[in-house]
Amino acid sequence: MKNIFKNINNKWLKIIKSELNDDFLLKLNNILNEEMDKYKIYPHFKDIFTAYNLTDLKDVKVVIIGQDPYHGDDQAHGLSFSIRRGYKIPPSLRNIFKELCRDMNIDYPLHGNLEKWSKQGVFLLNSSLTVRRAEANSHKHLSWQEFTDATIKIISYKLDNVVFLLWGKDAQQKENLIDSNKHYILKTSHPSPFSARRGFVGCEHFSKTNALLRKNNITEIDWNLDL
């Protein structure tokens, strides 16, 4: 049996264990091993906790909450909305980039890998960290929700002046986990082609995020991905 938690940053794991006991983590590990025995699961085993491994808790400035990983072959790599280099940019990410370019007056990115954002303190968290191949939301009802909810609570409790970007109904259901007296919450519709024009287009969340960081003497995010 694989231990999925051997691949997460130990600092994060220690903090999360303060919210979730060892029995919970063992149960989640067992469920995922059963899934991996029966189905092709994405992202790959080593990439499940990429968001945690690229952004330490102390460095989190912005949180973007997605739903679940891309379920196409080898697309997902552990960051919400992000896709591996060399793969076609999915529709929601295309809309994110269109708004980014309009808002920040920068060139359209040449790829969809968002690791550069993560390394600057943008925590790209999916509510479910895994998914079955070709089955969207197939792990929605596993125990990932408790794990990622605990993550949001930890960020809210331990830090100050974090900007939470809640795009769409699913992300906005997490609002009750965030202390709005300590943090900033920006809400709009999901960037999906089905809902982007209900608010996401023109939301200016990237420039607004940087303005809030600047207000608190926090280094702004360089959203340009061409490097």
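This is a predicted model: local features need pLDDT of at least 70, side-chain atom pairs count only at pLDDT 80 or more; totals for chains, interfaces and linings use all residues.
Strand S5 covers residues 163-167, and its pairing with S6 runs in the parallel sense over 5 bridges. Zoom out and you get an open sheet of 4 strands, ordered S3-S2-S5-S6, with parallel pairing. Strands S3 (122-126) and S6 (184-188) sit at the edges, so to speak: each of them pairs on one side only. On average, neighbouring strands here are turned by 20° against each other, ignoring direction.

As a reminder, strands of a sheet pair through backbone hydrogen bonds, in either a parallel or an antiparallel way.

Most peptide bonds are trans, and most residues other than glycine have a negative phi. A few spots here go the other way. The peptide bond from Tyr42 to Pro43 is cis, and its omega is near -5°. To find Pro43, look in the loop between strand S1 (41-42) and helix H3 (50-54).

Then there are the positive phi values. Glu204 is not a glycine, yet its phi is positive at about 55°. This residue belongs to the loop between S6 and helix H8 (205-215). Asn217, also not a glycine, has a positive phi near 60°, and you'll find Asn217 in the segment after H8. How accessible is Asn217? With a relative accessibility of 76%, Asn217 counts as exposed, because the cut-off for that class is over 50%. Glu204 comes in at 33%, so Glu204 is classed as partly exposed.

## Salt bridges across the chain

Side chains of opposite charge can pair when their charged atoms come close. In this model the count comes to 14 salt bridges. One of them brings Glu204 back into the story: its side chain meets that of Arg102, at 3.8 Å from N to O. This pair links distant parts of the chain, with Arg102 in helix H4 and Glu204 in the loop between S6 and H8, 102 residues apart. Arg102 has a relative accessible area of 46%, so Arg102 is partly exposed.

Another bridge joins Arg133 and Asp73, whose closest N and O atoms are 2.8 Å apart. Why does this pair tie together separate parts of the chain? Arg133 is in the loop between strand S4 (131-132) and helix H6 (144-158), while Asp73 is in the loop between strand S2 (62-66) and helix H4 (91-104), so the parts being tied together are 60 residues apart in sequence. As for accessibility, Arg133 is partly exposed at 45%, and Asp73 is partly exposed at 36%.

## A sequence-neighbour pair and a network

Lys46 and Asp47 also form a salt bridge, with the closest N and O atoms 3.3 Å apart. Are these two residues buried or exposed? Lys46 is exposed, its relative accessible area being 54%. Asp47, by contrast, counts as buried at 10% relative accessibility, because buried means under 20%.

Finally, there's a linked set to look at: Glu35, Arg132 and Glu135 are joined in a network of salt bridges.

How values were computed
Residues are numbered from 1 along each chain as its sequence is written. Side-chain values use heavy atoms; hydrogens and water are left out. Two strands pair if DSSP finds at least two bridges between them. Helices (H or I, at least four residues) and strands (E, at least two) are DSSP runs, numbered from the N terminus. Axes are lines fitted to C-alpha atoms, for helices over the stretch in contact, and angles run from 0 to 180 degrees between N-to-C directions. Buried means under 20% relative accessible area, exposed over 50%, partly exposed in between (1.4 Å probe, protein chains only). A salt bridge is a side-chain nitrogen of Lys or Arg within 4 Å of a carboxyl oxygen of Asp or Glu.
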